[in-house]
Amino acid sequence: MQCYLADTQVYGWVMVQEKSCDVLIIGGGLAGIQAALQASRMNANVIITSERRVGKSGNSVIAQGGYSAPFGHADPRDNPEVFYEDIVKSGEYLNDKDLANILAKDSCRGVDELRRAGVTFEMYGKKYAQKQYPGHSYPRNCCISKEGGINITLPLLDQLKRGRVNVLNHFHALRLFVVDHQCQGGLFISTTSGEMIVIGSKATILATGGGGSIFERSTNVKGSTGDGFALALEAGMALRDMEFIQFYPTIMMSPVDNLLIDFSPFGGDITLLNRKGEPFLEKHCPKAPESCTRDVKSQAIFREIMENRDVQGGVMLDISNLHPRELIENVPSFVRVFKVRNLDPFKETLIVAPAAHFFMGGVQIDEHCNTSMEGLFACGEVTGGIHGANRLADSALTECQVFGRIAGEETAKYSLTRTFGKCLSPIEAILAEQAKDSLVAVSPSKIMAAIKGIMWRHVGIVRDGKGLEKGIQELEKLRNEFGQRKEVSDRQDIYQVSKARNALTTALAVAKAALARRESRGSHYRKDFPTQDDRYLRPIGVEMDNCGNLSAF
Ligand SMILES: Cc1cc2nc3c(=O)[nH]c(=O)nc-3n(C[C@H](O)[C@H](O)[C@H](O)COP(=O)(O)OP(=O)(O)OC[C@H]3O[C@@H](n4cnc5c(N)ncnc54)[C@H](O)[C@@H]3O)c2cc1C
């Protein structure tokens, strides 16, 4: 069945198209593309949308390309059961155990599927060249042979283009249509022309990724500001685990700014030093400082910085024990970046600091990627529960591959048994959109900058009750300023305002969940409650009431 284009009409200054499909996918990163491929293989009529370009946007394209799968090629003792144990241990036992189990079980199949699609991995003969990273009991990282997640998404995009999937680039999802607690599609705006599209669907998949860019220092792409979390909350769904943000410990600040290099292959051969030249990881991880997981390392660095033992806001990375050949073999992109700038890494003072990297929390799904709302499914970083309180290195691409496939399969099956619902008419949709606080007096870019500052200062790596309350107060104040209306003069404003409003909603969800969790666990560290308290061995949820206020429960 072809997607039909029912109508194109003009309402005031807005041109609106209507489209429909069996399966609508919002988000064109690895999770979304994988879902689209799978649903179309099962003969569903699919539309995939991205506010940028499908397959060329989101964090998937800038990922380094590490994929965890327990083939046991480097150590035969590895298997899915050990992988599962590592996932829940790293998640401090807050994980959704069923989802964690699926991740562990289906991860190897995911690598084989990617290879069939044309993605190439580093191999020794017929075996994957598997490396070991902190938190993993055995070497289980399979690395794509050309660095960069784009080398995963591009071969998949080729497949997508060869199939029958309808790809809509540059369309930002403004809202989901929910009628009688059933999702029936969404309203989109073109980020280039301002044209609006109403898409009716039998099943919808949220695959909008995470929200790391709501923090001042972040590894994420600019647009990764939590749209999917806000869309879900506004549609009436609760989120879980939003307090758990993984900070990547060693993002370079100088001499190259914002460079992510994974130095874990070097283990104890590199050392982090504070301003006094002292190694400090031993204090925080006495048994094996070189194998600290990201949460422990980030908190240790942050404390050195806050206690004035920093160097220009970071700490030093001492690589003097390494041979240049080891750098070329293990971190070629690092060597390239320095060479292009005519810098010698052995002669420079390398300064690193943590940056927001990954959202463990999000939309709760079940084993079939169903959310709590009829007709709405989710996969990828927008979901919560798989990783609990902290994610193991290189298990996010695995998650996108495994759950993207499941979401595609399940929505294709689901849509076969459904007819189209009574979708809102375009004019109703636009009026509903305009009824929201989307017309603002403060410029969206100023709001966005303010959010990032507040999140970094008050909701960052080391938190306490007073700081979190202050952060919430400042975010609420921004929200009130947002409520003061003014005419929108440019259609682009609608897109920018929607981004800022969603970022604000996401920021408040994180801050409120962090305030409610009065203990420290995984990536969530409260200096007023520095130890684990098993009364909190349960997910904290966040929901939105009819007036748009958020509360944690
Ligand atoms: C620098 C970096 C390196 C990483 N390296 C690794 C690694 O080596 N291994 C690993 O396992 N993980 C890694 N990760 C994590 C991993 O890349 C991500 O978790 C994963 O790619 C997320 O995929 P996704 O499909 O869920 O979302 P994304 O890839 O982020 O895609 C989201 C998509 O949704 C679209 N979108 C967002 N909002 C809207 C909206 N309102 N309307 C329409 N479209 C929208 C975006 O444009 C994009 O197309 C890394 C992350 C970063 C930042």
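Which residues does Glu 381 touch, not counting residues up to four places away in sequence? Glu 381 touches Asn 59, Gly 209, Gly 210, Gly 211, Phe 229, His 357, Phe 358, Phe 359, Gly 361 and Glu 399, where contact means heavy atoms within 4.5 Å.

Before we go on, a word about the model. It is a predicted one, in which local features need pLDDT of at least 70 and side-chain atom pairs count only at pLDDT 80 or more, while totals for chains, interfaces and linings use all residues. Residues are numbered from 1 along each chain as its sequence is written, and side-chain values use heavy atoms, with hydrogens and water left out. The pLDDT is the predictor's confidence in each residue, from 0 to 100. The chain averages 90, and 91% of the residues score at least 70. Over residues 1-13 the pLDDT is below 50, and this stretch has 33 contacts in the model beyond near neighbours in sequence. Where pLDDT is low, the predicted coordinates should not be read in detail.

Back to Glu 381. You will find this residue in the loop between β19 (376-378) and β20 (383-384); helices (H or I, at least four residues) and strands (E, at least two) are DSSP runs, numbered from the N terminus. Glu 381 counts as buried because its relative accessibility is 11%; buried means under 20% relative accessible area, exposed over 50%, and partly exposed in between, with a 1.4 Å probe and protein chains only. Its side chain reaches the backbone nitrogen of Phe 359 at 3.0 Å. Leu 397 is 16 residues from Glu 381 in sequence and 9.2 Å away in space, C-alpha to C-alpha.

Glu 381 also leads us to the ligand. The ligand is surrounded by 38 residues, and the closest are Ser 57, Ser 60, Asp 227, Glu 381 and Leu 397; a residue counts as near if one of its heavy atoms lies within 4 Å. A polar side-chain atom of Glu 381 lies 2.7 Å from an oxygen atom of the ligand. Backbone N or O atoms take part too: one of Gly 28 lies 2.9 Å from a ligand oxygen, and one of Gly 66 lies 2.8 Å from a ligand nitrogen. A polar contact is a pair of N or O atoms within 3.5 Å; within protein, one must be able to donate a hydrogen and the other to accept it, and residues adjacent in sequence count only if both atoms are side-chain atoms.

Now for the aromatic rings. The structure holds 9 aromatic pairs; rings of Phe, Tyr and Trp (its six-membered ring) pair if their centres lie within 6.5 Å, with planes under 30 degrees apart counted as stacked, over 60 as edge-to-face and the rest as tilted. Phe 71 and Tyr 128 make a tilted pair, because their centres are 4.6 Å apart and their planes are at 35°. This pair links distant parts of the chain, 57 residues apart: Phe 71 is in the loop between β4 (66-68) and α2 (80-90), and Tyr 128 is in strand β6 (residues 127-128). Phe 263 and Phe 334 have ring centres 5.4 Å apart and planes at 80°, so they are edge-to-face. Both Phe 263 and Phe 334 are buried, and together with Phe 266 and Phe 338 they form one aromatic cluster.
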